[in-house]
Amino acid sequence: MKYIKLIIALILCCCYLQKTTAQHQQHTPNIVLIIVDQFRADASKREGFSLNTTPFLDSLATHGTWFNRAYCAMPACVPSRTSMITGRFPSATRVNSNMNIQDAYFTKNLFQVLKNEGYQTALIGKNHTFLKPKDVDFWKDFNHLGAGNPSTKEEKQFNAFLRNTHFYMSEKASPFPVKLQMPARIVNTAENWIQNTAKSTAPFFMLLSIPEPHNPYQAPEPYYSMFPPESLPPVIAGKEALPKKGNTYMLQHQLLEMGYGDYEKMIPRIRSNYYGMMRLIDDQIKHLVSYFKQKGLYQNTVFLFVSDHGDYVGEYGLIKKGAGVPECLTKIPMIWSGPGIEKNNQPSEAFVSNVDIMPTICDMIGAPMPKGIQGRSLWPILQGKAYPKEEFSSIEVQQGYGGLRYVNFEEYDPYTDDGTIKKGAIACDELNTWTQSGRLRMLRKGDWKLVYDMQGHGKLYNLKDDPAEVNDLYANKKYSGIKTELLENLLAWELRTEDPLPLPHNNQYRKYGFKKDPKNYWSPYKNEGEEHLKQLENEK
């Protein structure tokens, strides 16, 4: 009898565990984070662009919550991506340039958090962070110049074609079919991994990292001919605006000419290729989401679409990225769609950052936020719930690795010292000594934008009236009130983004408290001291 009772107890226990596991799986969504590289936020119809570059993403946005005031932590690949997966600004991660990849400082990254929560993890596509294959359950690398270890003759030929673009552009249509392009191969790899992973009861997290539309600017048919150069809308501001943008922008233009010759005549074709590649990416994401629907995974999967930063694509007569913090580089697309996320035809009014992605995912799945997290949870916004509006009334962007800014080519040689260009070669790395030295900070609030550097030079723009950012109002006394307000906000952001790590150490006698909001909000506590002081005065 005793053994029968024991067997019954074990059966009931197993049933309970199975039920609990099923409930956990039901309420723990799969997460697919799609990050694209150098993808302009304003080049989609939902943002008012005239070309239909992203019809599927525009539709996905209205099936979830999207932001048209989303910004990257820094407009460079490694700093931005590191901030995204650590929830920390570059000033805290110590990754202030693409040359600081090994310096990332944090307690736990997004993959570690999700693995601790029972997620299977995969990174498919471009990495460009401190992550290594051992850090994930599945790893497949694809990059700007092809995939490592090509397995077919066609793949080897495509890799050779990409290398022959000099990491710049292709004037003619890519002679290889869509199926060989990185977005298609990445999506195909993802679908194959999901086919095997879906058999498990554990939820999965997949970082799908598409290296395009980053240079080399190339596209196959039909995308090469989809947006002909003669059909493109004009840029917001051309080369004539360079003197107003400043010395660093002028130096970048010179470097591009030194590396690529008369590249400006190629800008219409570059823009055409760029928008064509955006559409190719859009079609491949549509294919991926359709696959999820076919496999019955769509209803329990959160999709997040984001970019690491933008691209000039002709603005100011420039290409790629590099100088300054203009909107075309710093503003990024951000779309969330999935279970628990409210559908919105209109964008959220909140100012957000890719630094907010990690704490949002932590909040969404009920995981504790690691120490040192600086981003804020967007989960209440995504659910359509009340949130502190002041918390999301502004956002900061950082730029530069420090020191004095280099202002000419005499004090440091681009050929022999930096190596950004090479004699006799078609090459120019836009992230270099001249575009990345020094430090800039940018603040966005309402229609306004403040840019401030380490020498105390400021610029103030009203983006509603001046989307090209060429009419600097910083010295205009008429706007001294808004200038002061934005400077105060920027100072507050700088104090918030000071790294709290390492936290004060305990000793055998003392232990400092460290107060932190569960969602990492600051604004609800802004007047706590004054309110407590009034309470004390009332108690007298």
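Leaving aside neighbours within four places in sequence, Met206 is in contact (heavy atoms within 4.5 Å) with Ile31, Val32, Leu33, Ala122, Ile124, Ala190, Trp193, Ile194 and Phe292. This is a predicted model: local features need pLDDT of at least 70, side-chain atom pairs count only at pLDDT 80 or more, and totals for chains, interfaces and linings use all residues. Residues are numbered from 1 along each chain as its sequence is written, and side-chain values use heavy atoms, leaving out hydrogens and water.

**Nonpolar cores**
- A nonpolar core is a set of buried Ala, Val, Leu, Ile, Met, Phe, Trp, Tyr and Cys residues joined through side-chain atoms within 4.5 Å.
- Buried means under 20% relative accessible area (1.4 Å probe, protein chains only).
- The largest core has 81 residues, and within it Met206 and Phe292 touch the most other members.
- Helix H10 (residues 267-294) gives this core its largest share, 13 residues.

**Strand S7**
- Strands are DSSP runs (E, at least two residues), and helices are runs of H or I with at least four, numbered from the N terminus.
- Ten of the ten residues in S7 (residues 204-213) are buried.
- Strands pair if DSSP finds at least two bridges between them.
- S1 (residues 30-37) pairs with S7 in the parallel sense over seven bridges, with Ile34 partnering Leu208.
- S4 (residues 120-125) and S7 are also parallel, over six bridges; Gly125 partners Ser209.

**Strand S9**
- In S9 (residues 334-337), Met334 and Trp336 are buried on one side, Ile335 and Ser337 on the other.
- S2 (residues 65-67) runs antiparallel to S9, joined by three bridges; Trp66 stands opposite Ile335.
- S8 (residues 301-307) is antiparallel to S9 too, with four bridges; Val306 partners Met334.

Definitions and conventions. Buried < 20%, exposed > 50% of the residue type's maximum accessible area, 1.4 Å probe, protein only.
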